Structure formats: structure tokens, C-alpha cells
Amino acid sequence: MPRDFEPTLHTDLRDEMTYSGYLGLDTLLSSQHPRSDHHDEMLFIIIHQTTELWFKLVIHELSSVLDHIAKDELEPAFKILARVKHIFSQLIDQWSVLATLTPSEYVQFRDVLGRASGFQSVQYRTVEFMLGNKDARMIKVHAHDPAANAQLTAALEAPSIYDAFLAHLARRGMPIPAEVLHRDQTTPHETHPGVTAVFKSIYSGIAAHWDAYEMCEKLVDLEEQIALWRFRHLKVVMRVIGFKTGTGGSSGANFLRKMIDHEFFPELWAVRTEL
């Protein structure tokens, strides 16, 4: 038996904001353009487009975190970082959907990708730079795209989340070494025993440094989730293409394997041994 149709439901939507209009679904749902006739290419496209949408939100959220830290407001950043961690949880789960693509299926349309590769994702590289994994050489991949070049250059030259947090701790009077505070921020942060010592004092005096302690843990939460995402990425690549060279020219699985042990916030891991 059909349920009652509630009389208060709006059915005349002429000149009104609609669900489709608000979300721009005409554009979003018409942005899938398979280049082969293979059934599974649609899956491949949508997984990667969805990932880019999540990356857009991650950049939006991390930009807000940077604004709060610059204003010495750590507490509002906690919820935002927790949200970003959960976004990466969603991204981890997405790999399970892509893993349903078998090697026999993928090889039938892989050639239509040409040199296109996730390695070329401007948003992914922006996230990496915002978290501190900076490498100016990566911008050369986008020399043909002025907008992408400008976006990545800005992220390269801006303080990372970690740089901003260390500067905040220095403003609070904590002895962050001067060579760390005034280093070239277009390069990756390198582990410094003086920074580890500062974190040791925070973890040893939680009551006096509660917000800084909580910030440390939120960053560790996020990095752990990203490491899990990277590991899942590696295993799906191995499952689907084995150890073939990537479409963008990388060594594929071997390239991804190198990234699993990368640490954005090295002293936050080193301090655990010191306590």
C-alpha cells in the first residue's frame, strides 16, 4: 500500500531553488566521459572524481586550520582536523570499491588514459604541501597550466600546518630552535632534537599545556590515517596492475611504497620513544 503523500510537500518548483540546482548536478553528473566502451571505466572515473571532491574539502578545511593557528586559536582547529581525519577514512573505504576492478578488466581500457595519472593531481599535491611534504620539482609537472602552477607555488611558499604550529608554540614562549623557525619553508622540515624536547615537555606536563597536547594528538591522528590511506592505495595498485610502470611514468607500486613511511610531523613520533 503506498504511503500517504504529505500535503505540505512542495511540488511546484518553478523559479525555486532545487536540490539539483543547489548542487550543480547538471554539471557534476555530465562530467564523466569514458574513452572506451568498457563497462568498468565509469567506475574508474567516478572513484577518482570523488577523490578530487574530497581533496577539495580537505584543502578548504586545512586552510581554516592554518587561519586559526595564525590567530593562536588551537581549540577550533581540533574539530576541523578530526573532520579531515574522517575524510581520509572515507577515502580509505573508497579503495575497496576500486579493488573490485580486476587486472583483466583494467588492462582493457588502461591505454585510453595515455599519460594521465593521479601523480598529476594538483589538489593532492596541494594537500601534501600544506602538510609539509614540499618539493618544488613537483610543480614542473604543471608548467603547462598557469592556474595549477600558481596554486602549487602559493602552497609551497606558505607555512605548512606543522610550521604554523611550531611558530605558535614559539609565540607561547616554548624554546623552538631559531634555525627551525627561520628555515626555508619551501623545503621539508627536518627532524630537530630541540623540537622533540619541546614536545616532551608538553607530553610531560599535560595539565599546563592541554591545548598544545591535544593539537599534537590531532596531528598524529591525521598522519596515521593518511599513512593507512597510502598503504591501501599501494595494495590496490599491486592488486590491479602488479608492478607495472605507472601511466605517469613512475615506478608504480615501488614509488607508492616509498611514501608509506614518510612522516609529516617527525618529532611527534620521536617523542614517544623519549617519554
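**View 1. A buried arginine without a salt bridge.** R110 is buried yet forms no salt bridge; D111, the nearest side chain of opposite charge, lies 8.8 Å away. Buried means under 20% relative accessible area (1.4 Å probe, protein chains only). A salt bridge puts a side-chain nitrogen of Lys or Arg within 4 Å of a carboxyl oxygen of Asp or Glu. Lys and Arg count as positive, Asp and Glu as negative; His and the chain ends are not counted. The model is predicted: local features need pLDDT of at least 70, side-chain atom pairs count only at pLDDT 80 or more, and totals for chains, interfaces and linings use all residues. Residues are numbered from 1 along each chain as its sequence is written, and side-chain values use heavy atoms, with hydrogens and water left out.

View 2. R110 sits in the loop between α5 (103-106) and α6 (122-131). Helices are DSSP runs (H or I, at least four residues), numbered from the N terminus. The R110 side chain reaches the backbone oxygen of T245 at 2.8 Å. Beyond neighbours within four places in sequence, R110 is in contact (heavy atoms within 4.5 Å) with I241, K244, T245, G246 and T247.

**View 3. The chain around the site.** The protein chain has 13 helices and zero strands. Its C-alpha trace spans about 65 × 55 × 40 Å along the principal axes. Of its 275 residues, 42% are buried. Among contacts with a separation of 6 or more, 71% join residues 24 or more positions apart.

Notes: Helix = DSSP H or I, 4+ residues; strand = E, 2+ residues; numbered from the N terminus. Buried < 20%, exposed > 50% of the residue type's maximum accessible area, 1.4 Å probe, protein only. Polar contact = N/O pair within 3.5 Å; in protein donor to acceptor, adjacent residues only side chain to side chain.
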